[in-house]
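Student: I have the sequence and the coordinates open. Can we work through a few local features together?

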Amino acid sequence: MILRHGVDLAARHTLALPGRAARFASIDDAAQLTAPELRETPRFVLGGGSNLVLNGDFDGLVVHMAIPGRRLLTEDADAWYVAAGAGENWHDFVQWTLAQGWPGLENLSLIPGTVGAAPIQNIGAYGLEIAERFHSLTAWDFEKQAFFTVDRDACRFAYRDSMFKQEGWHLNGRVAITAVVFRLPKAWTANLRYADVAQELAAQRIAAPTPRDIADAIVAIRRRKLPDPATTPNAGSFFHNPVVDAARAAALAAAHPGLPRYPQADGRVKLAAGWLIEQAGWKGRNLGPVGMYEKQALVLVNCGGATGADVRRTMAAVQAAVRDKFAVDLTPEPIFL
């Protein structure tokens, strides 16, 4: 492990905003986390940088998790238990599990980022959240100077949330996830809960889709709707889909026919943030070098030369427009560093 100084972070997060880390260490073996040099604060633990807004220079230590590795840990009559290092690319890992004949993660294809970051955000898409396939993880606690393991219940997963965000550990850099184990059920059934997926398969005349068919369909949908960070810097879905009580959702639907609504298990209703943003006039609209993507209003993009201040300015303008039109508050998904 080599501690570097003044490292440029623009190429290490998908929004490509300017900023440097005063100190930077890339970790490719969990044992390196015990080094005394990594005890300093402030500290930020970085994965693929796909959920990050960089405000400028960071006068602290960035710990980049690059631990590789993926393997079948064990299996029983009901499931395969597959382990992966925190630094594994998420999409590549999903594709690898499918190639091995272990389906279950196909609905999460092409989500940017790393395996280690997936549980923090409880990533989800097209009718599946990581919590539904999660078994356990191992992490390093910088404060206690010890490794620990937590199971699914201990992670306290919620919509785009987990104990790592609830405890503030992700933001303050106290904990670094080193490896994650997934439970992939052998009794596989196709998850076609989202209409877009069913429509894509129907267009391809696939009546009985395989896991690979579903993965390919979702990759095709995402590539049509979402910009490639390599050519159009972005942080993916920038706002949480707001969740409101049933009465509020009914009132909004009465006032705004066509409002997408998704009933939740607790009786509340999830609204589509992208639809709200589009109706508020922000789809394809820019404010200086930052705007909302022309094909998907939920995605904030860096049109070139943007700074963290530009992102915050556009974010605030979008939030104000949605609040004025719908009286609904939008909460950003990314971490601001």
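Predicted model: local features only at pLDDT ≥ 70, side-chain atom pairs only at ≥ 80, totals over all residues.

Tutor: In it, the second largest pocket is lined by 13 residues, and Arg 71, Ala 83, Ala 84, Gly 85 and Ala 179 lie nearest its centre.

Student: Which strands each supply at least two residues of that pocket's lining?

Tutor: Start with the residues nearest the centre, among them Ala 83, Ala 84 and Gly 85. Those three belong to the set of residues that point to one side or the other of E7. The strands that each supply at least two lining residues are E6, E7 and E12.

Student: How much space lies in the second largest pocket, and what is its lining by class?

Tutor: The lining has eight nonpolar, three polar and two charged residues. The space in the pocket is about 160 Å³.

Student: How many residues of strand E7 are buried?

Tutor: Strand E7 covers residues 79–85. Ala 79, Tyr 81, Ala 83 and Gly 85 point one way, and Trp 80, Val 82 and Ala 84 the other way. Both sets are buried. The count for E7 is seven of seven.

Student: Why do side chains alternate like that?

Tutor: It is a feature of regular strands. Their side chains alternate between the two faces of the sheet.

Student: Which residue stands opposite Trp 80, and which opposite Ala 84?

Tutor: E6 (residues 70–75) runs antiparallel to E7, joined by five bridges. The two form a hairpin with three residues between them. E7 also pairs with E12 (residues 175–185) in the antiparallel sense, over seven bridges. Opposite Trp 80 stands Glu 75, and opposite Ala 84 in E12 stands Val 180.

Student: Is Gln 121 in helix H2 buried or exposed?

Tutor: H2 spans residues 118–121. The cut-off for buried is under 20% relative accessible area. Gln 121 has 9%, so Gln 121 is buried.

Student: What does Ala 321 touch, not counting residues up to four places away in sequence?

Tutor: Ala 321 is found in helix H10 (residues 308–326). At 17% relative accessibility, Ala 321 counts as buried. Its C-alpha atom is separated by 9.3 Å from that of Leu 276, 45 residues apart along the chain. The residues that Ala 321 touches are Ala 280 and Trp 282.

Key. Residues numbered from 1 in each chain as written. Heavy atoms only, no water. Buried < 20%, exposed > 50% of the residue type's maximum accessible area, 1.4 Å probe, protein only. Helix = DSSP H or I, 4+ residues; strand = E, 2+ residues; numbered from the N terminus. Pairing = 2+ DSSP bridges. Contact = heavy atoms within 4.5 Å. 1 Å grid on protein atoms, 1.4 Å probe; cavity = no way out; pocket = protein on both sides within 12 Å on 5 of 7 lines; lining within 4 Å. Points joined across faces, edges and corners; volume = space filled by probe spheres on them. Nonpolar A, V, L, I, M, F, W, Y, C, P; charged D, E, K, R; others polar.
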